[in-house]
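Me: I'd like to go through a structure with you, one question at a time. Could you keep it simple and show how you get to each answer?

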Amino acid sequence: MMKPEPYVVAENVTFRYPDGTVALRDINLRFAEGDFVALIGQNGSGKTTLSKCLNGLFKPTEGRILVDGLDTRHTSITKMAVRVGYVFQNPDHQLFNSTVWDEIAYGPRNIQLPKAEVEERVREAAEVVGLDESTFEQHPFFLPKGLRQRVAIASILALRPHMIIVDEPTTGQDVKQSLEIMDFLTRLHEERGHIIVIITHDMPIVARYARRTVLMAHSQILADGPTRSVFAQTDVLAEAFVEPPQITQLAQRCADLGFAAGTLSVQEMLEQFRSLAARRRA
Amino acid sequence: MSAVIRFESYTWRYSRTKQPALDAIDLEIEEGAIVGIIGPNGSGKTTLAYSINGLIPRQEMGVRKGKVYVMGREVMAYTPAELCQRVGLVFSDPEAQFTAMTVEDEVVFGMENLGLPIEEIERRLAWVVPLTEIGPLMDKPPYEVSGGQKQRVALASVLAMRPPILVLDEPTTMLDPLGRRRVFQVLERLKREYQSTIIVIEHSLEHLIPLADHMVLLYYGKVLLADETEPFFERLAFLMEHDVFPPGVVEFFYHLKQAGEYPADAPLPLTVEDGTARLRELLGGKG
């Protein structure tokens, strides 16, 4: 099997803010086709700075990032925006137009697409996120948060970026809304081939949806791999002040009884319990 | 135990909507209890909080029926000043409550309004600042600190007024896991050391459950279930039908119980520690 060519390659990336604060230190990271990644770590660990470097808003102070073969240091924001989209944590920090239509059309107009193409992109993006026509003339500000988030995602999708980074997609949502948003991102990933990166503190969501997890702490990457094996590294998680989901913690505390440290779901836990219990009876 | 808050067939409908946000609510909250209020967004959780501190009906247009008693008196019978000495509300959007130019002024503002002497203000600052870990922020404008820090500042400024009843509307949404744990540790201390009555509206059940004495499920304007925390989660199938998803340990033992693999009369463990101990017993001794 051929290994897919990475879409994003970050090499020895260091980022320093003008005041001298180092927010990223020697980051090496790749994102490839088929990736659905959770980026986790404490507030201030560098997750958002990394995202802004990946979409070219920030340029690395040292090292380089190649996106689709283009070096972000020498690539226009316009070219970057159609490759890597970043959805803000708080949709209100991103939305500024007075109608849903104008909000979604803003990006395509900005890259000077012809009018018919803009319209097609807006309709398509709205349909993908499940916004119906009745919302087009509404003011985004007056929509419920879940819908505002969809408008924010649609306005990014309208630029058709191959990779989409969503910052805290489930914050302020109830559990059902969180699952709906994550199912929606999964559909974008599976049906339309987008590379998806979510930044989140919600570990049960990570366990359920992200195949790969990148753990950051102190401006560096502490772990990067399949979610199951990252969650199994209890020492590294503790160093980053990250607690895996409850069910994973339970399995880890009972590892000596035969439970796998990388247990990700209640279902997996029940299956292990039953086979261990059967073995004890035998 | 006496009820420090009592809703009696309380209904509130906002003028702008047809359906009541809260519909014939009967609910009692005991003094000194920590009560978790859960339910989908749009179920009336924030409306319930505003109805306790009097923002409803004072600041909202709508139709009110029934009664809400706070410490034995109807909410409408209090002046706003009297009520805010009894009920402290931490908003889900901390910026909504900020008025001052520095974090320190923000925390002091409420105490000054209570007319506290300077020595008492200083005493309370010395207590609340380390408790909420806002020391390094004191000179900064409250709207310039990070989301998680804003939530801690909002909490500090309400705690400084030492209200006997504390209502927190999603106090940890912007916090990372460590910050979240810290907030719940603060609540635990308040309960233990000051016997505060604390009402927490929260989606993240993992930290709430070990702390909460009672749980209330609000579902589109109705109280569908209110009970002590452990029996509340014995109704897991019912809860899941109403979009409540429990932490993994509770769900795991619930399934074991359903399948007869965990004693029917044993309580569901509510923490990882409890769950670990029960699991070791089930699989035979210390393993």
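Me: Which handedness does the crossing of α4(A) and α5(A) have, left-handed or right-handed?
Reply: Keep in mind that this is a predicted model. Helix α4 covers residues 115-129 of chain A and helix α5 covers residues 145-157 of chain A, and they pack with their axes 9 Å apart. The crossing of α4(A) and α5(A) is right-handed.

Me: And are α4(A) and α5(A) parallel, perpendicular or oblique to each other?
Reply: Two packed helices are described by the angle between their axes and the distance between the axes. For α4 and α5 of chain A, the angle is about 140°. Roughly perpendicular ends at 115 degrees and roughly antiparallel needs over 145. That angle therefore makes α4(A) and α5(A) oblique.

Me: How many charged residues are there in the contact of α4(A) with α5(A)?
Reply: On the α4(A) side, we have A:A125, A:A126, A:V128 and A:V129. They meet A:R150, A:I153, A:A154 and A:L157 in α5(A). By class, the contact of α4(A) with α5(A) has 7 nonpolar residues, no polar ones, and a charged count of 1.

Me: Let's zoom out. What radius of gyration does chain A have?
Reply: Chain A has 11 helices and 10 strands, and its C-alpha trace spans about 70 × 45 × 40 Å along the principal axes. A compact globule with 282 residues would have a radius of gyration near 19 Å, which agrees with the value for chain A, 20 Å.

Me: What about chain B, how compact is it?
Reply: Chain B has 12 helices and 10 strands. For its 287 residues the globule rule gives 19 Å, and the radius of gyration of chain B is close to that at 20 Å, so chain B is as compact as a globular protein of that length.

Me: What size of box do the C-alpha atoms of chain B fill?
Reply: The box is taken along the principal axes. For the C-alpha atoms of chain B, the size is roughly 60 × 45 × 35 Å.

Me: Which element gives the most to the side of domain 1 of chain A that touches domain 2 of chain A?
Reply: The domain assignment of chain A gives domain 1 (6-241) and domain 2 (245-282), with C-alpha centres 34 Å apart. Their contact takes 9 residues from domain 1 of chain A and 7 residues from domain 2 of chain A. On the domain 1 side, α7 (203-209) and α8 (227-232) of chain A are the elements that give two or more residues. With 5 residues, the one that gives the most is α8(A).

Me: How many residues of domain 2 of chain B are in contact with domain 1 of chain B?
Reply: In chain B, domain 1 is made of 3-99 + 163-239, and domain 2 is 247-287. Their C-alpha centres lie 30 Å apart. Domain 1 of chain B puts 9 residues into the contact, and for domain 2 of chain B the number is 8.

Me: Now the two chains together. Which element gives the most to the side of chain A that touches chain B?
Reply: The contact takes 27 residues from chain A and 27 residues from chain B. On the chain A side, the elements that give two or more residues are α6 (175-192), α10 (246-253) and α11 (266-281). The one that gives the most, with 6 residues, is α11(A).

Me: How does α10(A) lie against α11(B), roughly parallel or roughly perpendicular?
Reply: α10(A) packs with helix α11 (residues 248-258) of chain B at an angle of about 70°, with axes 7 Å apart. Angles from 65 to 115 degrees count as roughly perpendicular. That makes α10(A), relative to α11(B), roughly perpendicular.

Me: Which residues of α11(B) meet α10(A)?
Reply: The contact of α10(A) with α11(B) has 4 nonpolar, 2 polar and no charged residues. From α10(A) come A:Q246, A:I247 and A:L250, and in α11(B) they meet B:G248, B:V249 and B:F252.

Notes
Residues are numbered from 1 along each chain as its sequence is written. Chains are lettered from A and ligands numbered from 1 in the order in which they are written. This is a predicted model: local features need pLDDT of at least 70, side-chain atom pairs count only at pLDDT 80 or more; totals for chains, interfaces and linings use all residues. Two residues are in contact if their C-beta atoms, placed from the backbone, lie within 7 Å. Helices (H or I, at least four residues) and strands (E, at least two) are DSSP runs, numbered from the N terminus. Axes are lines fitted to C-alpha atoms, for helices over the stretch in contact, and angles run from 0 to 180 degrees between N-to-C directions. Angles under 35 degrees count as roughly parallel, over 145 as roughly antiparallel, 65 to 115 as roughly perpendicular and the rest as oblique. A crossing is left-handed if the near helix is turned anticlockwise from the far one by less than a right angle, and right-handed if clockwise. Ala, Val, Leu, Ile, Met, Phe, Trp, Tyr, Cys and Pro count as nonpolar, Asp, Glu, Lys and Arg as charged, and the others, Gly among them, as polar. Domain bounds come from an automatic or database domain assignment. The radius of gyration is taken over C-alpha atoms; the globule rule is 2.2 Å times the number of residues to the power 0.38.
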